[in-house]
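Subject: Structure handover

Hello,

The structure is below, followed by notes on what was found in it.

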Amino acid sequence: MTEAHAELVEFIHQYPRLLVLTGAGISTDSGIPDYRDQQGQWKRQQPVQHPDFMRCEHTRKRYWGRSLVGWPVMRDALPNPAHNALAQLEQLGHVSLLVTQNVDGLHQRAGSHRVVDLHGRSDRVVCMSCDYRCSRNDTHRRSAELNPDFTHYTAATAPDGDADLEVDFSRFRIPECHRCGGILKPDVVFFGDNVPKQRVVNALDALEAADGLLVIGSSLMVYSGFRFCRKAQEWNKPIAALTLGKTRADALLSLKLNASITPLLQAALHGLNAQ
Ligand SMILES: [Zn+2]
């Protein structure tokens, strides 16, 4: 055993029922890029802001226009061995709840059952006026039908079903709610919006009942994730973080594993299974 995964195995032995919090770093091996570098700084232009999306038609045209190119990458992404490792960790009884900041649904596809999608799900769409819900694929199809001229573009993939496409979006036709004509939005908590309160309460209840907190692949720069570390500290729960680079909670950690996620998780599982 290398030292790092032995430390993780030891942590799991000491604190066998964990609340696991995952971030973008766990999905990058599935081809979904993340927003931040190892210093926790923005790698790229900041994503769409909720108030701007709600207020500005041009922002929505640009959002759905870029999504026409970007969504298929997210839609077709597959779970990677790190997702599989966490599903196995749940089977071993070590995951009381998996709270993910990702909106890709890949934990569920890998077989994890106890999952809270803290920031929502990019494969679902909701009407902001009448709460009508449909699948992202439906909206994507309608968007393509409304905008055949926009379906031929290619562009670099950006996080969360976005793409780096900069063209004139003024003629883009936004797919609207076909029940009430309202604004459709992916069922995702955009930057500048709040996580629904009950979702936070449920996740924090699980943290309070857990033995410790294990953070994987997150720099914790967003408060909705960092809050779990603050609460863990308040409740005297140990915190381990497996993530490459800096996190906002480094000062609060009992165990910091600055390592590649997949090999370390696989080695730790091997260690747990061997015992
Ligand atoms: Zn509606």
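Along the chain, the donors of the zinc ion are spaced as C-x2-C-x46-C-x2-C. Donors here are N, O and S atoms within 2.8 Å of the metal (3.2 Å for Na, K and Ca); water is not among the atoms, so sites may look incomplete. Strands are DSSP runs of E, at least two residues, numbered from the N terminus.

This is a predicted model, in which local features need pLDDT of at least 70 and side-chain atom pairs count only at pLDDT 80 or more, while totals for chains, interfaces and linings use all residues. Residues are numbered from 1 along each chain as its sequence is written, and side-chain values use heavy atoms, without hydrogens and water.

The protein donors are the SG atoms of C127, C130, C177 and C180, lying 2.3 Å from the zinc ion. The site is tetrahedral, with angles of 102 to 113° among the four donor atoms (four donors count as tetrahedral if all angles lie between 85 and 135 degrees). C127 is buried at 2% relative accessibility, and C177 is buried at 4%. Buried means under 20% relative accessible area (1.4 Å probe, protein chains only).

**H119**

UniProt, in an unreviewed entry, places the feature "active site" at H119; such annotations may be inferred rather than shown by experiment. H119 lies in the loop between β3 (115-117) and β4 (120-127) and is buried, with a relative accessible area of 11%. Its contacts (heavy atoms within 4.5 Å) include D187, R199 and S224, not counting residues up to four places away in sequence.

Regards

Definitions and conventions: Helices (H or I, at least four residues) and strands (E, at least two) are DSSP runs, numbered from the N terminus. Buried means under 20% relative accessible area, exposed over 50%, partly exposed in between (1.4 Å probe, protein chains only). Four donors count as tetrahedral if all angles lie between 85 and 135 degrees; four count as square planar and six as octahedral if opposite donors are over 155 degrees apart and all others between 65 and 115; anything else is irregular.
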